[in-house]
Amino acid sequence: MACFLALRLHRPVFCEGDAGVGKTALAGALAEALHAPLIRLQCHEGIDASQALYDWDFPRQLLHLRAAEAAGVRDADRLERELYDRRFLVARPLLRALQTQPSVLLVDEIDRADDEFEAFLLEVLSEFQVTIPELGTLRAEVPPVVVLTSNRTREVHDALKRRCLYHWFDHPGFARELAIVRRRLPGVSARLAEQVTALVQALRAEDLLKPPGVAETLDWARALDVLGADEVDAELAVATLGSVLKYREDMARARGLDFAAILAPRGAGPA
């Protein structure tokens with residue numbers, strides 16, 4: 001529903017949830033469904049407008065200056081106009097998304113950026129246009145479909161959230177997660193897919209520092225498949241825990257689980 005309304009209203013979708021629950025995959029699914037390129041902006045601490053929007057190709061500008069000097073060009077105004085021509089413009093993800101129709105823009109992990117970048121992003125997404133002093137205002141003829149994700153490491157400002165349609169991602173239940181594994185990894189045996197899904201569901205019920213997401217479920221299934229396993233026993237599950245858990249404390253807690261009970265066929269014993 002959030003995506004349908006986003007397409008009709010030309011508004012961004014703001015997705016929150018734990019890491020690995022499928023927020024980024026949503027953008028990829030939209031791009032595939034719309035037959036549009038996925039343009040990704042990965043946020044991080046200290047990201048600024050030049051990294052997200054545009055920059056000038058300084059080495060090429062310098063080469064152009066030297067070539068002009070060698071050719072005897074002395075017209076300073078002409079040289080300045082040529083230096084800031086669009087051929088020297090390096091379009092970063094935001095500008096590429098505005099210039100590509102159609103496109104899906106993924107602003108990944110906005111919660112890692114700072115407040116100033118949030119304010120800048122809000123301005124761009126409000127009008128779907130940017131002003132480049134040397135070139136003027138560039139406006140998207142068709143606004144991109146925008147997906148913003150947050151792992152909720154900090155609260156994102158209400159001003160940005162109000163501009164968006166909000167969707168919270170929970171960890172999927174057993175049936176849905178199993179369907180995802182079977183869809184993404186069709187070569188994995190049905191028994192192995194069911195066992196791995198049951199194991200991850202059990203791990204999430206524990207008090208872990210970092211509960212595994214769907215991405216870790218897929219990683220674990222791939223790892224076991226690479227080992228040639230059609231099903232998994234307690235010993236193999238413990239040996240491959242590093243595919244799904246990333247903290248020593250979590251691995252220690254997981255080793256105390258009754259893997260035999262979890263791995264029993266569903267309906268044949270406790271799970």
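1. F128 sits in the loop between helix 7 and strand 6 (129-132); helices (H or I, at least four residues) and strands (E, at least two) are DSSP runs, numbered from the N terminus. Phi of F128 is positive, about 50 degrees, although F128 is not a glycine. With 7% relative accessibility, F128 counts as buried (buried means under 20% relative accessible area, exposed over 50%, partly exposed in between, with a 1.4 Å probe and protein chains only).

2. The model is predicted: local features need pLDDT of at least 70, side-chain atom pairs count only at pLDDT 80 or more, and totals for chains, interfaces and linings use all residues. Residues are numbered from 1 along each chain as its sequence is written, and side-chain values use heavy atoms, with hydrogens and water left out.

3. E109 also has a positive phi, near 60 degrees, and is a residue other than glycine. E109 belongs to the loop between strand 5 and helix 7 (115-127). The relative accessible area of E109 is 17%, and the residue is buried.

4. A cis peptide bond runs from Q101 to P102, with omega near -10 degrees. P102 is placed in the loop between helix 6 (93-99) and strand 5.

5. Five strands form an open sheet in the order 2-5-8-1-9, with parallel pairing; two strands pair if DSSP finds at least two bridges between them. Strand 2 (38-42) and strand 9 (165-169) are at the edges with a single partner strand each, so one side of each has no neighbour in the sheet. From one strand to the next the twist averages 20 degrees. Strands of a sheet pair through backbone hydrogen bonds, either parallel or antiparallel.

6. Within this sheet, strand 5 (residues 104-108) and strand 8 (residues 145-150) run parallel and are joined by four bridges. V104 has V145 in strand 8 as its bridge partner.

7. Helix 1 (residues 2-9) lies across strand 1 (13-17), strand 8 and strand 9, and runs at about 160 degrees to strand 9. Axes are lines fitted to C-alpha atoms, for helices over the stretch in contact, and angles run from 0 to 180 degrees between N-to-C directions.

8. T217 is part of helix 11 (residues 214-226). The relative accessibility of T217 is 0%, which counts as buried. Apart from neighbours within four places in sequence, T217 is in contact with E177, V181, V196, T197, V200 and R204, where contact means heavy atoms within 4.5 Å.
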